[in-house]
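Dear colleague,

I am passing on the structure below, and after it I set out what was found.

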Amino acid sequence: MLNDLIDSLTAFKHEAEEAVLQAGSEQELEGIRVAFLGKKGKVSDVLKKVGSLTNEERPRLGQSANETKRFLEEIFSKRGAHLALTLKEKKLQSERVDLTLPGRRIPTGSLHPVTTVCEEITKAFIPLGFTVEEGPDIETDFYNFEALNIPKDHPAREMQDTFYLSENFLLRTHTSPVQIRTMEKYSPPLRVLAPGTVYRCDSDVTHTPMFHQVEGFVVDKKVTFAQLKGVLTTFVETIFGAGVQLRFRPSFFPFTEPSAEVDIQCVICGGEGCRVCKSTGWLEILGAGMIDPEVFKAVGYDPDVYSGFAFGMGVERIAMLKYGIKDLRMFFENDVRFLEQF
Ligand code: PHE
């Protein structure tokens, strides 16, 4: 009996060795281990028969069983380690990275043409000693109108032009309120540029409810209209190229006196006359003038001591002229095919 039992233990070793070699995965291997070494496994089954042995025979079976267990445990753990290694290698193979492949291209965006032109305009004034100031998009009646000498009955105040938020608050219709805010904050001399978003209740081919302006102004003792012309000439030559002619036409703004509208020689036809300049050879690009004494009074500057000039221009308009863009709405449709060209 004892010999039979020991024989079967020996047979398990060979059986298990073969089975283990067939095991292709760690789960399979675990199944085989349980079949041999588990509580209800083959080795346990043999040990259950210990009852039929004599007292001298029992320890010999125990010895043989322990030796078999050690042997089996050893081959399971070896095979287990081997399987783990091959699995890892397979995984590494399948996840191999080809470092010679070209990288994925990440599409890069660019600045919006209005932003670019706004920056170009600002940069043109920096060498002339201008600094940049900003004001809020939501303004009060005082800053947008009252302090700029725009009387209560001025047409610019009518509902069709101004987005009112309440009786006193509105979306600024121009960047000129930054003149007032800056003058309240600092004393002259001032050389300031104020780019920003403005809003008007207007929408067609040449108007959008939101657009951009750049305001500029200078306040000091003895500022002259000639200096205004000099500054604007330098600016126009920086943006549109040397030799582009300027023309001042008398105009009216409540916050400047005298006031002018400034034209440049048509950049499309060079002054010959075309559809863009409506055969005049000139294009209007900005409004300007000498700061009205009433504005100085509103901020507590003495108009007998100080004088100044101011100008304001539409950024989209400058961008359209500079790039020959025919439809203003292109700036706001955000069509990548359009934007990509800048
Ligand atoms: N604020 C004026 C406008 O929006 C432009 C302007 C600014 C005119 C400064 C004169 C001086 O039309």
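Leaving aside neighbours within four places in sequence, Thr197 is in contact (heavy atoms within 4.5 Å) with Asp137, Arg172, Met210, Phe211 and His212. Thr197 belongs to strand E4, residues 190–199, strands being DSSP runs of type E with at least two residues and helices runs of H or I with at least four, numbered from the N terminus. With a relative accessibility of 18%, Thr197 counts as buried, a term for under 20% relative accessible area with a 1.4 Å probe and protein chains only.

Please keep in mind that this is a predicted model, in which local features need pLDDT of at least 70 and side-chain atom pairs count only at pLDDT 80 or more, while totals for chains, interfaces and linings use all residues. Residues are numbered from 1 along each chain as its sequence is written, and side-chain values use heavy atoms, with hydrogens and water left out.

The domain assignment, which is automatic or from a database, gives domain 1 (2–95) and domain 2 (113–339), and their centres, taken over C-alpha atoms, are separated by 91 Å.

Helix H4 has 38 residues, which at 1.5 Å a residue should span 56 Å, and the 55 Å between its end C-alpha atoms agrees; the expected span is 1.5 Å times one less than the number of residues. Among the buried residues of H4 are Leu61, Ser64, Ala65 and Gly80, and what covers the buried residues of H4 includes H1, helix H2 (26–37) and helix H3 (42–48).

Definitions and conventions:
Buried < 20%, exposed > 50% of the residue type's maximum accessible area, 1.4 Å probe, protein only.
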